[in-house]
Amino acid sequence: MRKVIVKASVEYAILIGRGILGQLGEETKKRIQPCKAAIITDTTVEKLYVEQAEKSLQQAGFTTCRFAYPAGENSKHIGTLSDILEFLAEEEVTRQDIIIALGGGVCGDMAGFAAAVYQRGIRFVQVPTTFLAAVDSSVGGKTAIDLKAGKNMAGAFYQPHLVLCDVDMLDTLPEEVFADGIAETLKYGVIGDADLFEKTAKGDFRNDLEEIIETCVKMKRDIVMEDEFDNGVRQLLNLGHTLGHAIEKRSGFAISHGHAVAIGMHLIAKVAEEKGMAEAGLAEKIRKALENNNLPVSIDYSAEEITEGVLKDKKRRGGEISFVFPTKIGHCEIVKIPVEEVAELVEKALQ
Ligand SMILES: NC(=O)c1ccc[n+]([C@@H]2O[C@H](COP(=O)([O-])OP(=O)(O)OC[C@H]3O[C@@H](n4cnc5c(N)ncnc54)[C@H](O)[C@@H]3O)[C@@H](O)[C@H]2O)c1
Ligand SMILES: [Zn+2]
């Protein structure tokens with residue numbers, strides 16, 4: 001089992017390995033006295049993994065209860081959060097008890113937010129079941145729900161007490177959902193690790209999955225430890241996300257987060273190249289890597305539609321929005337763009 005330690009406002013371990021879901025109870029018990037464990041999951045993951053998780057927790061002395069919401073981004077709203085909070089209260093979950101977020105990024109973000117606000121905060125454990133959640137959302141303590149105005153518009157910085165990633169669970173992911181995680185993995189490569197980019201750019205890297213997850217998680221750990229509350233270097237993790245979130249939202253979430261980020265990353269690389277900030281050929285390298293992994297690279301929305309979404313982004317500060325521009329594989333820069341120039345930027349991106 002691989003172990004990565006994060007020292008943020010809470011210090012916690014990320015455990016990565018194959019077939020380790022059965023150790024969830026024991027690993028949790030090493031850190032948290034047996035208590036009631038409220039498992040939050042979605043209806044798809046419930047069928048696949050909840051029994052094994054419950055059994056492991058019960059064997060270690062935890063009592064369990066479970067709440068499953070309909071799978072998908074469309075559930076990531078205040079109504080589901082409210083249902084989760086009411087469920088916790090009905091089950092008489094107390095501040096001594098814990099939440100287990102068993103699922104993908106939607107589950108981790110929403111269950112994490114519930115943990116942050118239920119009785120002003122109870123401890124929680126992330127058990128990521130998608131590739132995206134394993135490399136990205138389960139680490140770093142950003143929790144959120146979407147509002148009508150946009151993605152992740154309400155939430156909290158709230159760190160888990162443990163992250164346990166059983167890589168075997170990723171075997172049941174549909175190819176498209178697996179590809180969402182590849183988009184975030186390529187993102188880490190473009191931000192700061194040319195070797196990682198090379199390893200994933202050709203596709204077909206399933207045999208190296210544990211190592212790749214560890215590499216991504218370590219990079220995220222280092223960034224989060226430097227800037228837990230997203231005032232500086234952490235913004236680099238938003239590469240492709242400002243355009244991506246606008247695309248995701250415009251599609252009514254028919255385009256998944258990872259697929260939207262893939263498009264966003266390619267489009268912003270084109271702009272960076274055109275502005276003379278990036279080395280020649282960068283956008284093409286990114287495009288090929290995405291295509292090799294069956295990810296999309298463009299979209300036929302109008303510049304107006306995307307601009308509208310971008311202007312609502314929560315990275316807007318007064319009259320400016322931060323964009324992350326790649327300059328070469330392994331390096332990016334954060335640039336503040338005045339809102340009046342956003343439409344022009346989006347038009348360039350779509351050309
Ligand atoms: N907090 C962060 O730092 C952060 C970072 C990146 C993304 N995110 C968020 O993560 C979300 C996207 O995450 P996601 O793509 O994991 O979405 P998701 O949680 O909806 O999972 C995608 C689909 O895969 C299914 N699934 C999950 N695990 C499975 C398994 N092992 N086998 C078969 N099917 C499985 C789910 O039921 C769902 O239908 C977005 O809302 C995004 O905003 C957050
Ligand atoms: Zn993302």
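Mentor: Terms before anything else: helices (H or I, at least four residues) and strands (E, at least two) are DSSP runs, numbered from the N terminus. It's a predicted model, where local features need pLDDT of at least 70, side-chain atom pairs count only at pLDDT 80 or more, and totals for chains, interfaces and linings use all residues. Residues are numbered from 1 along each chain as its sequence is written, with chains lettered from A and ligands numbered from 1 in the order in which they are written.

Trainee: OK, what follows H9?

Mentor: Gly252, and its phi is positive, near 65°.

Trainee: And why is H9 called largely enclosed?

Mentor: Because nine of its ten residues (241-250) are buried, meaning 20 or more other C-beta atoms, placed from the backbone, lie within 10 Å of a residue's own. His241, Gly244 and Lys249 are among them.

Trainee: What do they pack against?

Mentor: S8, H10, H12 (303-311), S11 (320-328) and H13 (342-350), with contact taken as C-beta atoms, placed from the backbone, within 7 Å.

Trainee: Switching topic, which domains are there?

Mentor: Domain 1 (2-172) and domain 2 (175-350); the bounds come from an automatic or database domain assignment. Their C-alpha centres lie 26 Å apart.

Trainee: Which residues come nearest to ligand 1?

Mentor: Thr44, Ala71, Gly104, Gly105 and Ser137, out of 32 around it, where near means a C-beta atom, placed from the backbone, within 6 Å.

Technical notes: Buried ≥ 20, exposed ≤ 12 C-beta atoms within 10 Å, placed from the backbone. Contact = placed C-beta atoms within 7 Å.
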